[in-house]
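Student: I would like to go through this model term by term. For each label, tell me the rule and the value behind it.

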Amino acid sequence: MLNDTICAISTALKEGAISIVRMSGDDSFDIIKRISDVRTVRPNTIVYSHIRKDQEILDEVLISFFEKGRSYTKEDMVEINCHGGVYVTRSILNLLLENGCRLAEPGEFTKRAYLNGRIDLSKADSVNDLIKASSSLQARSALRGMNGSVERLIEPLMDEMRDVISMIEVNIDYPEYEDEVQMSNEVVAPYVEKWIHEAEEMIDKAERFRVVRDGLKTVIIGKPNVGKSSLLNALLEEDKAIVTDIAGTTRDLVEGKVNLGNVTLDLIDTAGIRETSEQIERIGIEKTLKALDEADLIILVIDSSNIDEEDRRLMETYKDRNMVLVYNKSDIEKKEGIAISALNKDISSLTNYLNERYKDDISLVDEDLLNNERQIALMKRCLNGLKELKDNIGTVSTDMLVTDMDGAYSCLCQILGKEYQEDLIDHMFRNFCLGK
Ligand SMILES: Nc1nc2c(ncn2[C@@H]2O[C@H](COP(=O)(O)OP(=O)(O)OP(=O)(O)O)[C@@H](O)[C@H]2O)c(=O)[nH]1
Ligand SMILES: [Mg+2]
């Protein structure tokens, strides 16, 4: 299906100054000549023209021509900048369809860019991430990905693994070549240690950064009436949750998203935790506990004017989690530590603390990292493979290690969407001039 010519409206389909209709494939230049005033196509130029249906002018447009090999998809491409009305844009698209184009599937232009070797799979991931980005951290990390950060990150590891695999295979296939390095399990072991360490570090950094980039799932907990909902409202700068002086006001989870300069929090305000026989409140408390299971960060609110055993029990229960202790109602009594007055919207000691605490993770935006779930999952598979390899080093012969190594290596290939066998064979023949 790579041979057919595809088309799509590339801009949002709503009223606007301009819209872009795109076409990619071998027939692009022929088709545009049929439906416009263009007679000769000069690649890499933009021309002023008219789109016509049955000789009648449909729109006055600018048309860009991209030649095979130098376009987004690496195929011949045409982009029509038309007036941004829904009717006009759709009519032009229909005209392309009537003249032999097929409607592109979502992501198909980028898929072609990948299949035609213009970008690897990690870059294709990033194109999508950039389109979906809703914060500056997300956009910056996606742009880095489009610039090949994932390849830069894992290529040294891949090179080294490939070298070791090829050397073992050379030992197996050409035992008479005595001048080749002899790969014993003792020689392989330190490499494996190093790879495990590198894979773990890549996963750790990627996960830390993903949390700050996509928003920390932050659950506000505490006894009833300590000011949890007041804190949520102060952070969101709106009266989202109901606040009263009645203990047990919040029963359901109340959610909101806030960007505190650098850190983005996905906030959940919860029902105050206490023993209760009241049915609705009890369901609320169960929901609180469930939200806590999935939290990246817990904000435990304490009323500094009224600390008791129950507060201490909560501190003890969550002390091993990623938890921040916040002393609220500092207007009544001020404690050492992160002291705020949610009532007075005086919460800067908390927001400053959070920005400082996640500074290092945020600064990872300037490093080459794995960017998404897919890539991290593959790196974890690679890591598991390497750990098995490490376990096997003591028990199997060196040539048997190649199978585990192959498995781990192929996960890295998949991150970039490369064919494992081809990649390995290319490398072998490049590096070992066996001459036979
Ligand atoms: N003085 C003072 N009062 C506060 C402060 N924060 C909250 N309050 C008051 O404390 C009471 C309870 O506040 P909420 O925000 O509803 O407390 P909560 O923890 O959400 O309570 P539940 O939903 O019942 O668990 C209200 O009367 C608030 O006005 C504060 O910083 N100072
Ligand atoms: Mg509340």
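Student: What share of the contacts between residues at least 6 apart in sequence join residues at least 24 apart?
Tutor: The share is 63% in the protein chain. A contact here means two C-beta atoms, placed from the backbone, within 7 Å.
Tutor: One caution on sources: this is a predicted model, where local features need pLDDT of at least 70, side-chain atom pairs count only at pLDDT 80 or more, and totals for chains, interfaces and linings use all residues. Residues are numbered from 1 along each chain as its sequence is written, while chains are lettered from A and ligands numbered from 1 in the order in which they are written.

Student: Which domains does the assignment give?
Tutor: Domain 1 is 6-115, domain 2 is 149-209 + 368-431, and domain 3 is 214-363. Such bounds come from an automatic or database domain assignment. The C-alpha centres of domain 2 and domain 3 lie 45 Å apart.

Student: What is phi at asparagine 44 and where does the residue lie?
Tutor: Phi is positive, about 60 degrees, although asparagine 44 is not a glycine. Asparagine 44 lies in the loop between helix H1 (28-35) and S3. Lysine 74 also has a positive phi, near 75 degrees, and lies in the loop between S4 and S5. Most residues other than glycine have a negative phi.

Student: How many helices and strands are there?
Tutor: The protein chain has 15 helices and 12 strands. Both are DSSP runs numbered from the N terminus: helices are H or I with at least four residues, strands are E with at least two.

Student: How do you know that S2 and S5 pair?
Tutor: Two strands pair if DSSP finds at least two bridges between them. Strand S2 (residues 16-24) and strand S5 (residues 77-84) have eight, in the antiparallel sense. Methionine 23 stands opposite valine 78 in S5. Strand S1 (residues 6-9) and S6 pair in the parallel sense over two bridges, so they meet the rule too.

Student: What is the order of the open sheet?
Tutor: Six strands run S3-S4-S5-S2-S1-S6, with mixed pairing. Strand S3 (46-53) and strand S6 (102-103) are the edge strands, since each pairs on one side only.

Student: What makes a nonpolar core?
Tutor: A core is a set of buried Ala, Val, Leu, Ile, Met, Phe, Trp, Tyr and Cys residues joined through C-beta atoms within 7 Å. The largest one has 66 residues, and Met405 is among those with the most contacts inside it. Helix H14 (residues 398-416) gives the most, with nine residues.

Notes. Buried ≥ 20, exposed ≤ 12 C-beta atoms within 10 Å, placed from the backbone.
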